[in-house]
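Here are my notes for your first look at this model. Keep the structure open and check each point as you read.

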Amino acid sequence: MKNAILVQVVDSYGPNKFLPLAIAYQWLNALQDPDIANEWQLQDVLIEKVNINEYVDSIQHKPDMMAMSCYVWNWEYNCILAKTLKKKWPDCKIIIGGPQVDKQDENLLHKHNYFDVAILGENEIGFNEVVKNLESGQFDHIPGISIPGLITNQPVRTRDLNKLPSPILTGFYDWILSRYDDPDIMWQVTYETMRGCPYQCGFCDIGDKYWNKTISFDIDRVHEEIDWMSDRKIEYVSVCDSNWGIWERDLDITKYVIKKKLGNGYPRFWDVTWAKNNTERIKQIALADKEAGTQLFKGITFAVQSMNKPTLDATKRFNLKENVIEGAMDFYRQNDIPTYSEMIWPMPNETVESLMDGAQKLIDMGQKDFLMVHPLVLTPNALMGQSNYIKMNGLQYESVPLDTFWLNDEDNGRVTEYVDAVYATNSANYEEMISGHLHAHWLITLYYYGWGHVMMDYLNKVSDINHTQFIEMFIQSLLENPDTMIYQEHIETAQSIREVFDDKNLWGRNIDGIFWEYKSATSVKFHRDRAKLLNEMKEIVSNFADVPDKVYEINSRICADWRETYPFTLDIDPELCEILFDTASDRIEISHLDCNNIDNESDFIRVAYHYQRKNRYWRCSTQPVGQIQLHQPSQSDHYQLRVVGVG
Ligand code: B12
Ligand code: SF4
């Protein structure tokens, strides 16, 4: 028998380990062919980024094939592993596949000559053929293959997904689980109920026409697989479907998952990418989860990416109409279901001003919970990764470390992965790119991590200073106060982002040995010196706006703090209370259901500024407890329970 090693590795995130979906499909499908099943046996499956030299040294028997699944998060690791393996076992054939394999680059394998053949697209059929022809090395008749100097016809889609054996139902995953004897591992399942996406967003691999047709797995199979996840107590399911809620059956599947979770508590989280068009079904799905109290979802995403029409045109992105988004956000707020929005910066035709206008639109539409602004990266198979697109839109990019946060010191000896990140476009130069990231930094840190949330809403109501104007003036004012911690945060954040592009440093800031995402890092610093922060906020904001002391105080006290004992009450002027909380009361109670359970800073900052940052953990609830004259407080002032996931 010949020996095969399968490789699909990821960075480790604490106790989480990922079951390897793509490579399992390829292998199990190949084994359906008796010629392959009779000739090949599995020597190992590598799912973690272990030390490469030690791993290769530990291989006792000659491997005949190594099949590697390549994503942006493991490409460099795979290259080094392949090179190292080839040194020890030069005859071992190395096959690669996955989204990071460039479908157009005929020279790919010239550049990476330790790989023998690359398989493009999903192409389970191509993998079979390659394995069967491995000895002869004759691959040029197989569609969707890249060998040095040649790319054969484009791969065909896999039409009948049900013919692919399930890694779950065949016992393949059980076998992997059985190899790890550690009860603390939190297994994560990467899972598909369908493939493809009808949209064509330019920044996304799945926007390629190749993926436009959607194809589903049978529902009975899906149910059986969910049964397995529940029985095996899977914590976290990362659903790969591109548009959860696009089909009627997504509601049924959700109800099935809810039923299972109500049964034995698992799976705990069902992490999805929401559909862009069907707001009604998504509401039903979210409500089903809410009513069952299962908290399967992190929240509902409005991943608009940009609110600027010329940018949307250039990226072929379709967004819902603004009034539809507004109505939907209102619905979720009323039902106390958190929402979050995503934007990308710097995109073609976007400027710092249009980015901030877009963010303001989202806030005006009701986005009070969370906003993320991701850096624009180019991947080889997305429209934006193509040279004519890059040229046409003036994109300038640099290969920089992948923005993987939350790595700790132990991970520093690891292989750094790289991605092409855009630092200038037809509408923003390098300095403007930095400025856009800093504007986003302050908007999100102050509004969505809470440090200025109450005062920004207050000013928006009582003056003509809206949230993004506040940020503009805040930045100007902090630059005039160089002796403050706030100024220091600004400078360090700017410096760190520059060093990513200029020196290929890792994204994020190292605090106590962990690389924190920038907003989280600033929040940790602010949390550690709340009294100083309060004084500095007054100093900086008073330069451009009149904010009563009480508003500063409430803003500060409403930001959850593990050292505080909840609940407590504060006196307040009823008029101010009405402005802030829509209720004219002379006393408010501030509370937080979870914080009293935390007894150390390390746990608190992890939850508040990392795992639960998207679910407004920072925010205490407020309740009028004095003379109540008007409306009841909004339910949405209550935060969500703690969840643990990849963040
Ligand atoms: C799940 C997922 C994640 C998870 C990762 C979970 C995990 N570690 O496994 C999370 C949420 C962490 C994630 C994060 C990111 N992701 Co992501 N993610 C996906 C997603 C939704 C599914 C991937 C998947 O497993 N699909 C199911 C498998 C079966 O399909 P597949 O991957 O396409 O594999 C098929 C073929 O490619 C082929 N194949 C794969 N491997 C091999 C190997 C061989 C030998 C062969 C023959 C064939 C083959 O066969 C498979 C079919 O059988 C895809 C989008 C999508 N819908 O596919 C994006 C995607 C993979 N992510 C992408 C990106 C860019 C990111 C981020 C960089 C985003 C960001 N800017 O923050 C981060 C990076 C995270 C990090 N720093 O490590 C890009 C990747 C592009 C690339 N070149 O790798 C994708 C394609 C989405 C996109 N926008 O274009 N992601
Ligand atoms: S970003 Fe989402 S909607 Fe757009 S093409 Fe990719 S998967 Fe489809």
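1. Where does K233 lie? K233 sits in the loop between α8 and β12 (236-239). Keep in mind that this is a predicted model. Phi of K233 is near 55°, a positive value in a residue other than glycine. Most residues other than glycine have a negative phi.

2. Step back to the whole chain. The protein chain has 23 helices and 24 strands. Its radius of gyration is 26 Å, close to the 26 Å that the globule rule gives for 647 residues, so the chain is as compact as a globular protein of that length. Along the principal axes, the C-alpha atoms fill a box of roughly 85 × 55 × 45 Å.

3. Two packed helices are described by the angle between their axes and the distance between the axes. The axes of α8 (residues 219-231) and α9 (residues 248-264) come within 10 Å and cross at roughly 25°. Angles under 35 degrees count as roughly parallel, so α8 is roughly parallel to α9. The crossing of these two helices is right-handed.

4. Which residues of α8 meet α9? They are I219, V222, H223, I226 and S230. Facing them in α9 are R249, I253, Y256, V257, K260, G263 and N264. By class, this contact has six nonpolar, four polar and two charged residues.

5. Now ligand 1. It has 40 residues around it, and S69, W73, G97, G98 and D205 come nearest. At least two shell residues come from each of α1 (21-30), β4 (65-69), β5 (93-97) and α6 (124-132). Helix α1 gives the most, with five residues. The shell around ligand 1 holds 23 nonpolar, eleven polar and six charged residues.

6. What surrounds ligand 2? Its neighbours are C197, Y199, Q200, C201, C204, I206, G207, S242 and K276. By class, that shell has five nonpolar, three polar and one charged residues.

7. Last, look at two prolines. Most peptide bonds are trans. The bond from W345 to P346 is cis, with omega near -5°. P346 is in the loop between β15 (339-345) and α13 (352-364). The bond from Y566 to P567 is also cis, with omega near -5°. P567 is in the loop between α21 (549-558) and β22 (568-571).

Terms used:
Residues are numbered from 1 along each chain as its sequence is written. Chains are lettered from A and ligands numbered from 1 in the order in which they are written. This is a predicted model: local features need pLDDT of at least 70, side-chain atom pairs count only at pLDDT 80 or more; totals for chains, interfaces and linings use all residues. A residue is near a molecule or strand if its C-beta atom, placed from the backbone, lies within 6 Å of it. Helices (H or I, at least four residues) and strands (E, at least two) are DSSP runs, numbered from the N terminus. Ala, Val, Leu, Ile, Met, Phe, Trp, Tyr, Cys and Pro count as nonpolar, Asp, Glu, Lys and Arg as charged, and the others, Gly among them, as polar. Axes are lines fitted to C-alpha atoms, for helices over the stretch in contact, and angles run from 0 to 180 degrees between N-to-C directions. Angles under 35 degrees count as roughly parallel, over 145 as roughly antiparallel, 65 to 115 as roughly perpendicular and the rest as oblique. A crossing is left-handed if the near helix is turned anticlockwise from the far one by less than a right angle, and right-handed if clockwise. Two residues are in contact if their C-beta atoms, placed from the backbone, lie within 7 Å. The radius of gyration is taken over C-alpha atoms; the globule rule is 2.2 Å times the number of residues to the power 0.38.
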